[in-house]
Structure formats: structure tokens, C-alpha cells
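Here's a quick walk through how two chains meet, plus a look at some annotated spans. Have the structure open as you read.

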Amino acid sequence: MAAADDLAFHEFEEATNLLAETPDAATTSRSDQLTSLGHVAVAAGTGSSYGAEDEVESDKTALLQAEKPQPGFWTFSYYQSFFDVDTSQVLDRIKGALLPRPGHNFVRHHLRNRPDLYGPFWICATLAFVLAVTGNLTLVLAQRRDPSIHYSPQFHKVTMAGITIYCYAWLVPLVLWGFLRWRQGVQERVDPYSFLETVCVYGYSLFIFIPMVVLWLIPVPWLQWLFGALALALSTAGLVLTLWPVIREDTRLVAVALLSTVVLLHALLAMGCKISLLSSISSSRCLWSRWHLQPK
Amino acid sequence: MAEVAESPGDPGTASPRPLFAGLSDISISQDIPIEGEITIPMRSRSREFDSSTLNESVQNTIMRDLKAVGKKFMHVLYPRKSNTLLRDWDLWGPLILCVTLALMLQRGSVDSEKDGGPQFAEVFVIVWFGAVTITLNSKLLGGNISFFQSLCVLGYCILPLTVAMLICRLVLLAEPGPINFMVRLFVVIVMFAWSIVASTAFLADSQPPNRKALAVYPVFLFYFVISWMILTFTPQ
């Protein structure tokens, strides 16, 4: 009984503090706080490893969420809440995904309960186009060395690359999220990440593949393997470090199986990128020979 | 009856005053001239209705739309801060440009290779769906530009790249070689930069200041892809 009273008093105090704070937030000309409709469920600072700054911000979003009702999913402002990021925030998230540090969880430290869809969507689009462009360029460079290769702008690669990357970046997080929710039902522990946070983690972790693919233009094989291994290590380290706090209380078997599946799928994606670059040369060679050596 | 009524501010006067006699004391017609014509000039308005676009000759209609499109082309070629593209948006220009570009970029039906350049439909889809995606992106980020205005600007700013395609086609008639490629590369890079400058001149102001880069990057990607398709075009 006394504990409940203490809690009630604590909340009221925080609420008055925030009410004093929010008028300042409301009077800024570009009031991003007001447009952010705090759709994510906020852990009210109890039991999760928040710093003091995080607690204030999560409480602020909780208060704003209490002020405005959540818009339905058929309204435009619902989707606008997923794009409520600034340039500096996107760059900060990319940096956090590029250089994962063991102490800083990507979701807690960088996303801070405001996952966005801008990063995952445009990083996937960029990766698809960069793959297609690099495939074209490898073909051009190979043709300069070996004139028997026939050059053609292989446009269907854009479609294939796009479909593969988008499926990976959106379906795998869906499966992962579903699996984590199921495990949470089986064993009571910390709440897992929301679907959008999982999509964010995967989307931003794909960023390292963009420079990796561009650097694969250098036609030195051991250098290509080195870049591939380095990028894959950084990317999967980011993923594993983010997922570890959520599944560390689970049984050993499940934890190891989940992490190894995640790493394996990521490695398969990197392999797929490499194969698509290699196949551009081989397919053009074999098509050229088929076209020109047929009896007419 | 008119003589019997008393004036309101004058109770002591016995002589009958006409009705509403004291009204002139409080009327304001001397202070503010309220004269004028009551009749609405119907003649000029009916002339406007007569010259509504239904009754004019076909040549007038086409010439008017063509002039509007041409004026916007000029605004794209010499970009300065003006509202013409945004205020009177139309989608004729983007359609003409997209169809021209797609016709020139498609691979011929003669060669049946699977790996070739894009088909007509692929170019069309990339241009229009790319423009729609960029518009949705800028609206979701909080920009205050309308959907069709943004489509109009993005479509019109393909004009420099269409000109680049024409020049590349002409250059490809000459003999192939590295000089050929360098000329085409130079032309495409210049026109790509021109497209980006023209579209950001129109679109950048509609975005919130701390998100301008987020809104401009997809435009950069869009024109980069189109430039890439132009540069890698090889006639069969």
C-alpha cells in the first residue's frame, strides 16, 4: 500500500515537471515534439537500463502520447510519425550501426524509442542500385581487360537486386520479431523490441554493404575477400550485440541457434552480392558465345 | 401618421416632424461616400464564360498548353527562385519528357537478349514510381508541398537529362572509342548536375530546415539512376 502511494506521488511530481517543460517545447517554431506522436510503447523507466537523459525523453513522449490520441493507421499522420527524424539523427544512427560498441545497445542508445522507416527504406534502395551499377562497372572493367566479353547493360539485375534486398530487410525482421515474441510468451523476461525497431536494426546494419560493394570494383581477389569479411564482421557484430540483451536469459540452445541463424543469413546476403557481381561477367560471356557461335 | 411621430431626441418640441426626421443627424452618408453602381457588370463576366475553354478552337487550346509547357521548360533551363512551376503545375511536360526518354532508351525488339537495356515500360515505371516515392518521402518528412506540385517539379527537371540523351545518341553515331565515352560522360555529368540544381531550387524551400538533406538525397539517387541508364545505353 505504501509502495503504491509512493509510486503515485512520484508520477505526479514528474508530470508537473514535464508540464512546466512542455510549454517551452510547444513554442518552438518547428515543433517536432508536437508532430511526433510517440506511437511506441514507452517503458516508463522502470527496470530497463536507461540513463537519466533517456528517462526524461521517454517520459516526455509518454506525456505527449497521453495528450493526443494515437491516429489510426488509415491516416497520413500515422505514417508521418515513422519519418520523424532529422538529418543529424539519421547520420548518428548510421554511425552507430557502422561502429558497434559492446556497451552501447543500438536500439536503446541510438533509436531511443523513435524508430524510423527512412533509414531502412533508403539504405535498401541505395544498396540495390549500387549493386546494379557496380555489376555494370565490373563488366566494363572486365571487358577492357578481355575483349571477348560482350558488354550489355544488364537491367534486369536492378529488379532482382531490389526484390532480394527488400525481402531480406523486411521479412527476416518480421520472422525474428515473431520468434522473439513467441519466446517472450514462453518465458517471462524483458520486453523484446518492437517490429519497427527490429526493421531499423537490420536496415541500418545493411549500410556497411554499400561501401563494401563499391570497393569490390578493385579486381584484386584477396582484397575483395578482406573487404567482404571486414564488412560482414562489423555488420553481424552490430546485430549480435543488439540481440544479445534480449535473448541472454533464454536457454543456451535457443540463444545460440538464433544468433547463428542471424549471422548465417547475413553472410548469405553478402555472398549473394558477390555472386551477382561475378555472374554478370560469366552470363554475358556465355550469352555472347551462344549468340555469335550459333549456326546461322 | 407620419406627422404624429415624435423625434427621439427631442421630447419638448410640439410641432410634428416627418417620420425619421432625426435620422439624418445620425446617418453617416456624408462621411463615407456610399454612392456607386448597383448593377453588377454582367457583360464582362458573361464574356468570360463565353470564352471558357469549351468553345475555343482546338488550336487555341493546344497552343495555350504548349506555351505553358514551354514556359516551364525555360524555368527549368534557367533555374531561379520562382513559383511558376509550383503555382501552375501541370503534368503534360513530365509526360512528354518521360515518353521521349523511354522511347530513346528502350532496347530494340530485334535483339532478344535477356540482359539488355531497359524496356520502355521499365523506364516509364522507374520515372513515375520514383517520382511518386520521392514525393511521398518529402511529404512524410513534413514538407509543405502538394503531391502534384512535387511530381510536376521532378518531371520537368528531367529535361536536362533528356537533352543529354539526345546528345549521346548523336555522339554514338560517330565511331566508338574512349573519346566517345569521355564526351558522353562529360555531357551526362553536366546535365545531371543541372537537374539536381534545378530541382533543389524548387523543392528545397518546402522542407523543414533540419531535414533538407534527407529530402534531397532521394532526388539525387533518382537522377543518378536515370543518368546511369543514359550513360550505359548502347545501340544494338
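## Size of the interface

Buried area here means the accessible area, taken with a 1.4 Å probe, that two parts lose on being put together, summed over both. Keep in mind that this is a predicted model.

With that in hand, chain B and chain A bury about 2900 Å² between them, and carbon and sulfur atoms give 64% of that area. Each chain brings 30 residues to the contact: 30 from chain B and 30 from chain A.

## Polar links across it

The rule picks out two salt bridges across the interface of chain B and chain A. One of them pairs Asp84(A) with Arg211(B), whose closest N and O atoms sit 2.7 Å apart. There are also nine residue pairs in polar contact between chain B and chain A, both partners at pLDDT 80 or more.

## What chain B puts forward

On the side of chain B that touches chain A, α6 (120-140) and α10 (212-231) each supply at least two residues. The largest share comes from α10(B), with 10 residues. By type, that side of chain B splits into 14 nonpolar, nine polar and seven charged residues.

## Annotated spans in chain A

Over to chain A: an unreviewed UniProt entry annotates residues 117-140, 160-180, 201-219, 225-246 and 253-272 as "transmembrane region".

How does the model draw these? Take residues 160-180 of chain A: the span is 100% helix and 0% strand, with its end C-alpha atoms 30 Å apart. Residues 225-246 of chain A also come out as 100% helix and 0% strand, and there the end C-alpha atoms lie 32 Å apart.

How values were computed
Residues are numbered from 1 along each chain as its sequence is written. Chains are lettered from A and ligands numbered from 1 in the order in which they are written. This is a predicted model: local features need pLDDT of at least 70, side-chain atom pairs count only at pLDDT 80 or more; totals for chains, interfaces and linings use all residues. Side-chain values use heavy atoms; hydrogens and water are left out. Contact means heavy atoms within 4.5 Å. A salt bridge is a side-chain nitrogen of Lys or Arg within 4 Å of a carboxyl oxygen of Asp or Glu. A polar contact is a pair of N or O atoms within 3.5 Å; within protein, one must be able to donate a hydrogen and the other to accept it, and residues adjacent in sequence count only if both atoms are side-chain atoms. Helices (H or I, at least four residues) and strands (E, at least two) are DSSP runs, numbered from the N terminus. Ala, Val, Leu, Ile, Met, Phe, Trp, Tyr, Cys and Pro count as nonpolar, Asp, Glu, Lys and Arg as charged, and the others, Gly among them, as polar. UniProt positions are given in the numbering used here, feature names are shortened, and annotations may be inferred rather than shown by experiment.
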